[in-house]
Every structure is written in C-alpha cells, then in structure tokens.
Amino acid sequence: MDPVSNSSSPRKRVLSGMRPTGKLHLGNYMGALHNWVRLQDQYECYFFIADWHALTTDYADPSQIPANTREVILDYLAAGLDPEKSVLFVQSKVKQHAEFHLLLSMITPLGWLERVPSYKEQQENLTGKDLSTYGFLGYPLLQAADILIYQPDFVPVGQDQAAHVELTREVARRFNQFYKKQPAGRAESSNDEPILPEPQVLLTPSPKLPGTDGRKMSKSYGNTILLSDPEPEIRAKLKPMVTDPARIRRKDPGNPDKCPVGDLHKIFSSQETVAKVYDGCTTAGIGCIECKTWVADAIVAHLAPIQERRAQFEQKPALVKEILAAGDERARTRAEQTMQEVRAAMGLAESTQGVVAP
Ligand code: TRP
Ligand code: SF4
C-alpha cells in the first residue's frame, strides 16, 4: 500500500537536524544520515540544518556559516535524502521556530537549562569562546522548539543528543499542563489531546567509528574521512592509520578487535573480507598495509554512489536552491499550523479577533 495516500493511518512523523559544521564525515554519516535515509520510506520526515544553533557558539565569527550550510545540504542530498520523500529545510528560514522558542522560554525554569550536561561540558571544552551567553544557555530550548513545532513522533539522534530530547519532553509536559487546545469553532468542543505530544528519541544504533588516530571520528580531532574526500585522499588518510599496538613487526600476530582498522572493516567490508582480515591478522599472514588497502577499497566503494550524486547536485546550484525553497515553504506551513494552536492557547489571539466585530 502506498503509505502517502493511506490517509486512514497517516504515517508517523520524524524530525531531526544537524548544525552546519561543514563537509560531513563518515562519523556523521554512520551516526545519523545513513539512518535518516532509511527512515524516509517509513515516516513523514523533516530534516533541517540548524544554522541558528551554529550562532550559539560562532556568533563572533559567522563568516563560515553560509558555506557550511551549503556543504551540509549537498551532503544530505548526496547521502540520499530525497526531497520527494522528505522535507529538507534551513532553520532560519522558518521564523516560527524563533517565535516558539521565545514563548517556550516563558515557561522554562532556568535550572532545567543549567543542568543539561552539554551546557557545562561545552563551556569547559570550547575554551576559546565565551559561552556565558543567553543564547548558549538557551541552545537546548531552541532545539525543543525545533522539535515540538512539528509535533513529531520520533527524533532520530545519537546518544549525545538524548538529554536534549529528554528536556524537550519535559518542556512539552509543562506546556501541556498550562495550556489546552482551544475550541476552533462553535461546533467543536475543546478536546483533551495535548497540543504538544511528547516525542520519543529514536537512538541511532551507531557502531564505534574510529578516526584515523584511533579516537572517535570528530571534526575537532582532525581525524576524519569526509564523505566528499576523493579516492586518493581517502587512501592517503588511511595509510598512517593507527593499528593494534601488539603488531609491532610484520611477523607479530594481531587482533582486529583491538584495532581501529578492524573496526572500520566491520562497518564497511563484506563478510568475506572481514573473515580474511581475522584470519590474516591473527596469524600474521597479512600485513597492516595490505589490510588498510582492503578497508580503503570498501570505503571508496561505499562512497562512490554518494560522491556521484554530490557531483550532480554541485553542478546544479539552482536546483539545490529550489529544493530548499520548497522545503522551507513546506516546513513553514507545518510549523505555522502548530503555532496557531500555541498562540491561541497562550492568549495571543489573531490581531483583529475580539477587537473588531466580524
Ligand atoms: N543539537 C543538534 C546537534 O548538535 C542539532 C539540532 C538542532 C537538532 N535542533 C535539533 C537535532 C532538533 C535534532 C532535533 O547535532
Ligand atoms: Fe589492524 Fe589489519 Fe593490522 Fe590486524 S592486520 S592490526 S586488523 S590493520
């Protein structure tokens, strides 16, 4: 059955987003995008780029935000997010998020924001930046507004965002305690359904994806492989990759379970190759250089269709612009629908209502 036309049981809704950090890497892909692409066929999906969130840390120098936003949208499309299936949009183009953030700020106790774990952590870690700002404290509340304004059922995120979704649920609960749906017309009596259903986190099952230095792949460690890295670059980055420290010499046996290259094999290589790696590594039958060639082959093959699509979209900037403009518009329409209920419930009537008789 076509899920779109099956109006008797509408598809459940999904929303997620990313900050525009620049070109995405394999960690972003396996930790989020790859999962989103699969969700598109089952759910009504909204995926966006959180450019306002970038300003919470980069307010002093926003010069990279436009280019970074472009790169992320290209990576979204390259990875297979399909504007025919999903609504793809940019946060700052849907001003309703900002209005909703303001309204939610009225009911959100300061303590709730101060005790979000990422707040103190990030303040301590990003030492070059002054993050003692109002906007930075409000980061997770803006995220709650991003989410709740689409009344989604699920929010697919990594573990690092789970606390933000938890806060979102608490804010929704508090909102629903204060405010009820207003009867829209005379015929319709007010119903008990909450205005803001509590969304559930959909934790992305993320395999351990090490960067080239063996630590978690992350832009801030400079150990990434980008989705858009050309083949020679991928091979060059993998060549010096950290391996099982037990394999000092070629004749020393190793253990792929203790090797970051082994971790990559488990994610990207075929079962046959993984078997060959276990066999060759534990018997010292293969060298690490050969083993890395195989993992490079697998990653290159995995990225080939993604890079092919990226190249197509890079050649058509007008099409990308159109896709985003259409996505922004669809997002605005959906967000506005929630905001009308929210405004009415919070005593913010349409400007002429109650002032001028009809
Ligand atoms: N905070 C998220 C991140 O850093 C980005 C984000 C902003 C987001 N708003 C959101 C994610 C709403 C999911 C839902 O990746
Ligand atoms: Fe790692 Fe492969 Fe070397 Fe074994 S052979 S230590 S899995 S790189």
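Strand β2 (residues 44-49) is mostly covered, since five of its six residues are buried, where buried stands for under 20% relative accessible area, exposed for over 50% and partly exposed for what lies in between (1.4 Å probe, protein chains only). This is a predicted model, in which local features need pLDDT of at least 70 and side-chain atom pairs count only at pLDDT 80 or more, while totals for chains, interfaces and linings use all residues. Residues are numbered from 1 along each chain as its sequence is written, chains are lettered from A and ligands numbered from 1 in the order in which they are written, and side-chain values use heavy atoms, with hydrogens and water left out.

**Strands around β2**

- Helices (H or I, at least four residues) and strands (E, at least two) are DSSP runs numbered from the N terminus, and two strands pair if DSSP finds at least two bridges between them.
- Strand β1 (residues 13-18) runs parallel to β2 and is joined to it by six bridges, with S16 standing opposite F47.
- Strand β3 (residues 86-90) also pairs with β2 in the parallel sense, over five bridges, and here the bridge partner of F47 is L88.
- A right-handed β-α-β unit is made by β1, helix α1 (residues 26-39) and β2; right-handed means that, with the strands pointing away from the viewer, the path from the first strand over the helix to the second runs clockwise.

**Domains and their interface**

- The protein chain is divided into domain 1 (13-208 + 316-345) and domain 2 (219-311), with bounds that come from an automatic or database domain assignment.
- The centres of the two domains, taken over C-alpha atoms, are separated by 34 Å, and the contact (heavy atoms within 4.5 Å) takes 17 residues from domain 1 and 15 residues from domain 2.
- About 1,500 Å² is buried between the domains, 64% of it given by carbon and sulfur atoms; buried area is the accessible area (1.4 Å probe) that two parts lose on being put together, summed over both.
- Of the area that domain 1 buries against domain 2, H25, L26 and A78 supply 37%, more than any other three residues.
- Three salt bridges are found across this interface, a salt bridge being a side-chain nitrogen of Lys or Arg within 4 Å of a carboxyl oxygen of Asp or Glu.
- D263 forms a salt bridge with K208, in which the closest N and O atoms are 3.4 Å apart.

**Residue M241**

- M241 lies in the loop between α10 (231-238) and α11 (260-268), and this residue is buried, with a relative accessible area of 3%.
- Not counting residues up to four places away in sequence, M241 touches P210, G211, T212, P260, V261, L264 and K292.
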